Amino acid sequence: MARTKLVAGNWKMHGSLATNSALLQDVRKGVAGLTADVAVCVPYPYLDQARGALLGSNVAWGAQDVSEHVQGAYTGEVSAAMLADFGCRYVIVGHSERRSFYGDTDAVVAAKFEAALKSGLVPILCIGETLDERESNVTTAVVTRQLDAVLARCGVAALGQAVVAYEPVWAIGTGRTASPEQAQEVHALIRQRVAREDAGVAAGLRILYGGSMKPGNARELMAQPDIDGGLIGGAALVATDFAAICAAAV
Ligand code: PGA
């Protein structure tokens, strides 16, 4: 099945009204007419700015986290319905920084995934092993456990409306990219795991790679049969780099 590639920027906690304004305009111009789907996931306060700058373009916008709760006394949290209100298409759930710094367990991530879907958002589910885990040869077990938590809570059909991002933690922000072969091996394993539940969902599932993807390595990574795009951190803050990665997604 032909899967349209998706390149999503994860701005993390970067930006200001002034710098975003230039970045959003440059991204909008830089990716106009490309065949890949493109999105930027911005900090919450800038969602309205992203909407204003990107409306009517081929760039979607989204957030980097979401509450697992619908509404209520959860000071500081932001619900999926609020993100939908701001026109978000995507929301990242389970990023390794949320898992490691903010205690997002597999169960919490699955609940956030479900909350996102219920509000019509497309969750980008991040999974991936740490360096220790890779060196202990438990990559398969870790990635499968993270995926299975979502399958158990939401069912395989839910994955048909979502995106998965394989982000080896040791490659995030380190400049140390997984080789295309290393990444492909895990992407194939993820697809096989989903195929055990539903071959059709597996065939249509977009699995992004994230972790130091740059203009210089994007094409080779995304040429792998099971790599359907990228989740881009650092390089998403430089419009020319981000546009070059999007152009490599063919
Ligand atoms: P990076 O971040 O591209 O800076 O490695 C990727 C991510 O954390 O999503």
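Biologist: How far does a polar side-chain atom of His95 lie from an oxygen atom of the ligand?

Modeller: The model is predicted, so local features need pLDDT of at least 70 and side-chain atom pairs count only at pLDDT 80 or more, whereas totals for chains, interfaces and linings use all residues. Residues are numbered from 1 along each chain as its sequence is written, and side-chain values use heavy atoms, with hydrogens and water left out. For a polar contact (a pair of N or O atoms within 3.5 Å), the separation between the His95 side chain and the ligand oxygen is 2.7 Å.

Biologist: What percentage of the area that the ligand exposes when taken alone does the protein bury?

Modeller: Accessible areas come from the Shrake-Rupley method with a 1.4 Å probe. Taken alone, the ligand exposes 290 Å², and the share of this that the protein buries is 97%.

Biologist: How many residues of the shell around the ligand are charged?

Modeller: The ligand has 13 residues around it, with Lys12, His95, Glu167, Gly173 and Ser212 coming nearest; a residue is near if one of its heavy atoms lies within 4 Å. By class (Asp, Glu, Lys and Arg being charged), the shell holds four nonpolar and seven polar residues, and the number of charged ones is two.

Biologist: What radius of gyration does the protein have?

Modeller: The C-alpha trace spans about 45 × 45 × 35 Å along its principal axes. Because the protein has 250 residues, a compact globule would have a radius of gyration near 18 Å, and the protein agrees with this, having 17 Å.

How values were computed. Polar contact = N/O pair within 3.5 Å; in protein donor to acceptor, adjacent residues only side chain to side chain. Rg over C-alpha atoms; globule rule 2.2 N^0.38 Å.
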